[in-house]
Amino acid sequence: MKLAILGATGGIGGHLLDWALTAGHDVQALARTPAALRPAPGLRVVHGDALDPDPVSEVIAGTDAVLSALGPRGAAAPGLLAAAAANTVRGMAETGTRRLICVSAAGAYVAADPDMNWLVKLVLPRVFAAQFADVRRMEDEIRTSGLDWTLVRASRLVSGPLTGRYRVAPGYPPPGGRKIARADVAHFIAATLTGDAWLASAPALAY
């Protein structure tokens with residue numbers, strides 16, 4: 001399989017890249033700093049930014065699926081995720097690639113989570129108002145794209161080893177689930193890529 005990876009220099013993206021190359025897939029990765037990715041057989045690095053539609057289309061061209069592990073850059077780049085999603089949808093429409101798996105954030109929907117503590121519901125959306133709004137716009141962009149999409153709603157991301165043992169629920173994290181390692185998010189994405197159980201769905205991950 002030939003894959004496009006956005007955010008390959010980040011935590012989740014790095015795990016995805018390692019998995020894809022080890023599994024023998026060909027990878028086209030978008031990177032603002034290509035030197036941050038070590039040369040490897042099967043890897044082609046496209047120099048560019050997810051906010052620039054031309055390199056996004058270039059990295060998608062000829063691939064079977066797009067894996068987006070982009071994360072927000074905070075106040076330095078408000079609206080990054082929604083803008084990158086728009087460029088990704090456009091690039092996929094231009095090139096004919098249909099499968100898209102994109103990392104999202106369960107926290108952006110915490111206010112509607114029936115199992116979440118009321119205090120968390122009150123505080124978290126205020127602290128991360130801009131970031132969560134960007135996440136919701138990103139999801140809206142992808143949901144209306146007509147693509148074969150999956151939005152992976154990660155709970156609070158932590159560093160840690162791959163366990164392969166986590167819980168998945170539609171929409172909101174499983175009750176009591178508060179965190180997930182980046183390695184396990186990548187593991188779920190890899191597993192989802194080879195099946196269709198979560199097409200047009202927003203699975204939420206947590207331990």
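**Note on the predicted structure: sheet, cores and selected residues**

1. A65 stands opposite R99 in strand β5. The model in which this pairing is found is a predicted one. The two strands concerned, β4 and β5, pair in the parallel sense over 4 bridges. On its other pairing, β4 is joined to β1 by 4 bridges, and these two strands also run parallel.

2. Strand β4 is covered on both of its faces. A65 and L67 lie on one side, V66 and S68 on the other, and all of these residues are buried. The arrangement may be read against a general rule: in a regular strand the side chains alternate between the two faces of the sheet.

3. As to overall content, the protein has 6 helices and 10 strands. It comprises 207 residues, of which 48% count as buried. Among the contacts with a separation of 6 or more, 66% are accounted for by residues 24 or more positions apart.

4. The sheet is open and is formed by 8 strands in the order β3-β2-β1-β4-β5-β6-β10-β8, with mixed pairing. Its edge strands are β3 (43-47) and β8, each of which pairs on one side only. From one strand to the next the twist averages 25°. Helix α1 (residues 11-22) packs on this sheet and touches β1 (2-6), β2 (26-31), β3, β4 (65-68) and β5. The direction of α1 makes about 165° with that of β1. Helix α3 (residues 80-95) likewise packs on the sheet, where it touches β1, β4 and β5. The direction of α3 makes about 175° with that of β5.

5. Strand β5 (residues 99-105) and strand β6 (residues 148-154) run parallel and are joined by 7 bridges. In this pairing L100 stands opposite W149 in β6.

6. Which residues of the largest nonpolar core touch the most other members? They are L30, I60, V66, M138, I142 and L151, in a core of 28 residues. At least two residues of this core are supplied by each of β1, α2 (53-60), α3, β5, α5 (129-143) and β6. The largest share, 6 residues, comes from α3. With neighbours within four places in sequence left aside, I142 is in contact with A85, L100, C102, W149 and L151. Apart from this core lies another, of 27 residues, including A20, L43, L67 and I189.

7. S57 is found in helix α2. Is this residue buried or exposed? S57 is buried because its relative accessible area is 11%, and buried means under 20%. The side chain of S57 is joined to that of E94 by a polar contact of 2.9 Å. Residues up to four places away in sequence not being counted, S57 touches G91, E94 and T95.

8. The structure holds 2 aromatic pairs. Y166 and F188 form one that is edge-to-face, with 6.3 Å centre to centre and 80° between the planes. This pair links distant parts of the chain, its members being 22 residues apart. Y166 lies in the loop between β7 (156-158) and β8, whereas F188 belongs to helix α6 (residues 182-193). Both Y166 and F188 are buried. Ring pairs link Y166, F188 and W198 into a cluster.

9. P170 is exposed because its relative accessible area is 63%, and exposed means over 50%. Residues up to four places away in sequence not being counted, P170 touches W198, A202 and P203. Of these, W198 is also a member of the ring cluster with Y166 and F188. The C-alpha atoms of P170 and V152 are separated by 9.7 Å, and the two residues lie 18 residues apart along the chain.

Conventions: Residues are numbered from 1 along each chain as its sequence is written. This is a predicted model: local features need pLDDT of at least 70, side-chain atom pairs count only at pLDDT 80 or more; totals for chains, interfaces and linings use all residues. Side-chain values use heavy atoms; hydrogens and water are left out. Buried means under 20% relative accessible area, exposed over 50%, partly exposed in between (1.4 Å probe, protein chains only). Contact means heavy atoms within 4.5 Å. Two strands pair if DSSP finds at least two bridges between them. Axes are lines fitted to C-alpha atoms, for helices over the stretch in contact, and angles run from 0 to 180 degrees between N-to-C directions. A nonpolar core is a set of buried Ala, Val, Leu, Ile, Met, Phe, Trp, Tyr and Cys residues joined through side-chain atoms within 4.5 Å. A polar contact is a pair of N or O atoms within 3.5 Å; within protein, one must be able to donate a hydrogen and the other to accept it, and residues adjacent in sequence count only if both atoms are side-chain atoms. Rings of Phe, Tyr and Trp (its six-membered ring) pair if their centres lie within 6.5 Å; planes under 30 degrees apart count as stacked, over 60 as edge-to-face and the rest as tilted.
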